[in-house]
Amino acid sequence: MRASQMNICGINKNWVLPEAQENNVKKFLPRPLSRVNGWSPPLHSFQAISWITYLTMSIVTFGIFIPFLPYSWKYAANIVMGGVFMFHLIVHLIAITIDPADTNVRLKKDYSEPVPAFDRSKHTHVIQNQYCHLCEVTASKKAKHCSACNKCVSGFDHHCKWLNNCVGRRNYWFFFCSVASAAVGILGVMIILCYICIQYFVNPDELRTDPLYKEITSENTWLLFLSLWPVPVKTPIVLSIAVMALLLAIASFVMLGHLLIFHLYLISKNMSTFDYLMKTRFQKNPHPAEKKELPLQKKGDLPQVCLSLRAMLMEGLRPMCGGKESQLGLA
């Protein structure tokens with residue numbers, strides 16, 4: 001009975017390798033759906049960070065710091081900064097909402113139906129000869145199948161976690177304008193904060209030109225949210241808010257400025273982010289190592305291969321079994 005449960009390598013037929021168990025589990029997992037745009041689940045945590053940053057900057061800029069400016073500058077700052085912030089909001093929402101999928105995918109695809117699993121035993125690549133084996137359509141020349149959105153994207157540039165959407169031919173310029181307007185807006189916030197900090201040490205009376213300050217006798221008291229409802233606070237609170245807002249603005253401007261310069265470079269070279277990454281990877285490894293096939297074993301070598309496999313399995317199982325290999329039918 002025991003011999004019937006063994007193969008020629010002396011391994012129990014009923015024992016399943018972990019890799020095989022994992023593959024069996026994958027077969028029963030539900031097939032994934034394609035995502036329509038940045039509002040499709042699952043949402044990304046970077047989206048929450050971007051929205052919190054936008055709201056924070058809007059509140060401190062229009063509610064706290066612009067009212068500190070001189071009377072003639074206050075209205076100009078509200079118009080300019082308001083226009084930049086509103087423009088950024090519009091293009092950002094458009095970049096999120098647009099479906100960047102390839103034309104043939106949008107015409108044929110039913111987003112409520114799951115995407116078939118890719119079988120590497122039948123196809124080497126997802127897209128071959130401009131035909132996508134997952135979307136089951138003929139894609140355009142520069143289309144790529146995004147694994148995050150699970151669909152072919154026309155003129156694929158990259159998958160943006162901040163938008164939670166792919167950036168392609170249909171929404172690239174909205175994405176670019178979103179980055180550019182965000183950088184300009186953050187730069188404006190930094191200029192306003194620097195002016196306020198300088199004036200506080202040089203001539204603080206220039207920051208107290210609003211008529212409501214006539215009723216304030218203490219120079220250590222400042223009014224926040226003058227445009228809506230004045231909130232009196234002490235100087236340390238105002239300075240703390242200004243410092244935190246300035247640090248957040250600097251960090252945001254560094255990231256946005258780097259991203260903006262990078263995409264200006266790509267536009268000048270007529271490249272996409274995907275093209276740049278592929279070019280960089282090829283330059284680092286121009287001759288990728290090819291997979292070497294194992295040499296064929298002769299009949300006389302087969303027992304040695306089996307003994308090696310058996311020894312490896314016994315060595316790996318010994319810590320778990322406490323040295324009782326015979327109980328597993330491997331002795």
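**Helix packing and salt bridges in the predicted model**

With a relative accessibility of 28%, Phe 253 counts as partly exposed, in what is a predicted model. Since partly exposed covers the range between under 20% (buried) and over 50% (exposed), the value of 28% places Phe 253 in that middle class. This residue belongs to helix 6, which spans residues 235-269. Leaving aside residues up to four places away in sequence, Phe 253 is in contact with Ala 183, Ile 186, Leu 187 and Met 190.

Two packed helices are described by the angle between their axes and the distance between the axes. For helix 5 and helix 6, the axes come within 8 Å and cross at roughly 145°. The crossing of this pair is left-handed. What kinds of residues make up the contact of helix 5 with helix 6? The contact comprises 25 nonpolar residues and three polar ones, with no charged residues.

Charged side chains come into the picture elsewhere. Side chains of opposite charge can pair when their charged atoms come close.

The partners come from distant parts of the chain, 136 residues apart: Lys 74 sits in helix 3 (residues 71-97), whereas Asp 210 is found in the loop between helix 5 (172-202) and strand 8 (221-224). Are these two residues buried or exposed? Lys 74 has a relative accessibility of 12% and therefore counts as buried. Asp 210, at 16%, is likewise classed as buried, because the cut-off for that class is under 20%.

The other salt bridge brings together the side chains of Asp 99 and Lys 151, at an N to O distance of 2.5 Å. Asp 99 lies in the loop between helix 3 and helix 4 (103-108) and Lys 151 in strand 5 (residues 151-153), so this pair ties together parts of the chain 52 residues apart in sequence. Asp 99 is buried, its relative accessible area being 12%. Lys 151 is buried as well, with a relative accessible area of 0%.

Terms used. Residues numbered from 1 in each chain as written. Predicted model: local features only at pLDDT ≥ 70, side-chain atom pairs only at ≥ 80, totals over all residues. Heavy atoms only, no water. Helix = DSSP H or I, 4+ residues; strand = E, 2+ residues; numbered from the N terminus. Buried < 20%, exposed > 50% of the residue type's maximum accessible area, 1.4 Å probe, protein only. Salt bridge = Lys/Arg side-chain N within 4 Å of Asp/Glu carboxyl O. Contact = heavy atoms within 4.5 Å. Axes fitted to C-alpha atoms, helices over the stretch in contact; angles between N-to-C directions. Left-handed = near helix turned anticlockwise from the far one by under 90°. Nonpolar A, V, L, I, M, F, W, Y, C, P; charged D, E, K, R; others polar.
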